[in-house]
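Hello,

Here is the structure for your files. My notes follow below it.

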Amino acid sequence: MEKYKKLGLKLTPQRIAILEFLEGNKSHPSAEDIYTAVSQRFPTMSFATVYNTLDSLRMKGEVLELTIDPFKKRFDPNTEPHHHLICTKCRHIVDIGVGYRLDLSEGDSKGFEITGNHIEFYGICPECRKR
Ligand code: ZN
Ligand code: MN
């Protein structure tokens, strides 16, 4: 609760429920997933509230927006640099390479100041391989 105050967001009960759902969540939920989960506690909450809260958090650097899933944006409360592996059948996403550093040589960076990178790996997850 204390740490949410520093976000500078107006903390409505709905927004707190969204923040609590995201806290430590490793499932890389979509906005729809978050809405489905949180609206069980707050049936009157609108999808726009979820979407706007995610947008504010993204702009404050508190949540990452992942474009690895071609069908919908996915959100990640873990903002430490890391990479992802996605199952091309069920679209389950897992973290990989936490702490893994990837550097470009002077020549390869083409004069850019490099501020980040993100690698997407594709594959079939263990559950889908069993089917
Ligand atoms: Zn799968
Ligand atoms: Mn992640």
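How many salt bridges does the count come to, by the rule of a Lys or Arg side-chain nitrogen within 4 Å of an Asp or Glu carboxyl oxygen? Seven.

First, the ground rules. This is a predicted model: local features need pLDDT of at least 70, side-chain atom pairs count only at pLDDT 80 or more, and totals for chains, interfaces and linings use all residues. Residues are numbered from 1 along each chain as written, chains are lettered from A and ligands numbered from 1 in the order written, and side-chain values use heavy atoms, without hydrogens or water.

**Salt bridges**
Glutamate 20 pairs with arginine 41, closest N and O atoms 3.7 Å apart. That links helix H2 to the loop between H3 and helix H4 (47-59), 21 residues apart. Helices here are DSSP runs of H or I, at least four residues; strands are runs of E, at least two. Arginine 41 is exposed at 55% relative accessibility (buried is under 20%, exposed over 50%, partly exposed in between; 1.4 Å probe, protein chains only). Glutamate 20 is partly exposed at 41%.

Arginine 58 and aspartate 55 meet at 2.9 Å, N to O. Glutamate 65 and lysine 73 meet at 3.9 Å. Shared partners join Asp55, Arg58, Glu65 and Lys73 into one network.

**Metal site**
His28, Asp76, His82, His84 and Asp95 coordinate the manganese ion (ligand 2) at 1.9 to 2.3 Å. Donors are N, O and S atoms within 2.8 Å of the metal (3.2 Å for Na, K and Ca); water is not among the atoms, so sites may look incomplete. Histidine 28 and histidine 82 are both buried.

Best regards
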